[in-house]
Amino acid sequence: MTGSKEFFELRAARWEQTCYPPEVRARLEAFLPQFDVAPGEWVLDVGTGPGVLIPYVRRLLGPAGRILAFDLAQAMTVEAAKKCAAPWGMALQADVHAIPFRSGAFDRVLCFAAFPHFKDPPQALREMARVLKPKGKLVIAHLLGREELARHHATHQEVRRDVLPDAQTMTFLITAAGFHVQTLVDEPGRYLLKAVRR
């Protein structure tokens, strides 16, 4: 993370209450179908935070699907683990730059509200590609557009430099990591990148 890990550790217990009031949750639930999660998939939730996606994704996966989630902040992992239990899921503390899962393990990687905080985006993307099956899908998403997100992060000293790359740079990074970009939408209230591992 380029922002302070302690920033997230200290806020973990109240993160959902602060950042996901009912109106934001409604927007997130309406956004989820665009992630294209299919029943039976094995999904990795990268930078899960307190696991806000987990209950929604779990419903989409059905009984045969699995969701594994991780975050660098231990306190966030504790919150996520409350929503993610065996046999259908697991949450752990880990670093996106060295994902502790075997190559080709997942059908889909979700990176929601996390990508700007990665200290080495090319390495993070290479690791996300590594753990995906061939033709596996990557989704990077936010409930804010790129410029909105930059303004939001600018209000917090610890994460003020954590921004999304512009579209050209992001496309280059994604392609260099071994993906083909299918969709890149950047508009007020929504950022959505969908890519397929080559």
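A nonpolar core is a set of buried Ala, Val, Leu, Ile, Met, Phe, Trp, Tyr and Cys residues joined through side-chain atoms within 4.5 Å. The views below show a predicted model.

**Figure 1. The largest nonpolar core of the predicted model.** This core has 34 residues. Those with the most contacts inside it are Leu-44, Met-128, Ile-140 and Ile-174. At least two core residues come from each of E1, E2, E4, H6, E5, helix H8 (167–176), E6 and E7. H6 supplies the largest share, five residues. Another core, of 33 residues, lies apart from this one and includes Tyr-56, Ile-67, Ala-73 and Val-185. In soluble globular proteins, nonpolar side chains tend to be buried together.

**Figure 2. Surroundings of Leu-44.** With residues up to four places away in sequence set aside, Leu-44 touches Leu-68, Phe-70, Ile-99, Phe-101, Phe-106, Arg-108, Val-109, Leu-110 and Val-131. Leu-44 is also among the residues with the most contacts inside the largest nonpolar core.

**Figure 3. The open sheet of seven strands.** The strands follow the order E3-E2-E1-E4-E5-E7-E6, and their pairing is mixed. Strand E3 (89–93) and strand E6 (179–187) form the edges, each pairing on one side only. On average, neighbouring strands of the sheet are turned by 15° against each other, direction ignored.

**Figure 4. Pairing of strands E5 and E7.** Six bridges join strand E5 (residues 132–142) to strand E7 (residues 190–197), in the antiparallel sense. Leu-138 stands opposite Ala-195 in E7.

**Figure 5. Helices H5 and H6 against the strands.** Helix H5 (residues 74–81) lies across strand E2 (66–71) and E3, and runs at about 170° to E3. Helix H6 (residues 121–131) lies across strand E1 (42–46), strand E4 (106–112), E5, E6 and E7. The direction of H6 is at about 135° to E5.

Figure 6. Leu-61 lies in helix H4 (residues 54–61). Leu-61 counts as buried because its relative accessible area is 1%, and the cut-off for buried is under 20%. Neighbours within four places in sequence aside, Leu-61 is in contact with Val-37, Ala-38, Pro-39, Gly-40, Glu-41, Val-43, Arg-66 and Ile-67. Ala-73 is twelve residues from Leu-61 in sequence, and the two are 26 Å apart in space, C-alpha to C-alpha. Ile-67, one of the contacts of Leu-61, belongs to the core of 33 residues, as does Ala-73.

Terms used
Residues numbered from 1 in each chain as written. Predicted model: local features only at pLDDT ≥ 70, side-chain atom pairs only at ≥ 80, totals over all residues. Heavy atoms only, no water. Pairing = 2+ DSSP bridges. Helix = DSSP H or I, 4+ residues; strand = E, 2+ residues; numbered from the N terminus. Axes fitted to C-alpha atoms, helices over the stretch in contact; angles between N-to-C directions. Contact = heavy atoms within 4.5 Å. Buried < 20%, exposed > 50% of the residue type's maximum accessible area, 1.4 Å probe, protein only.
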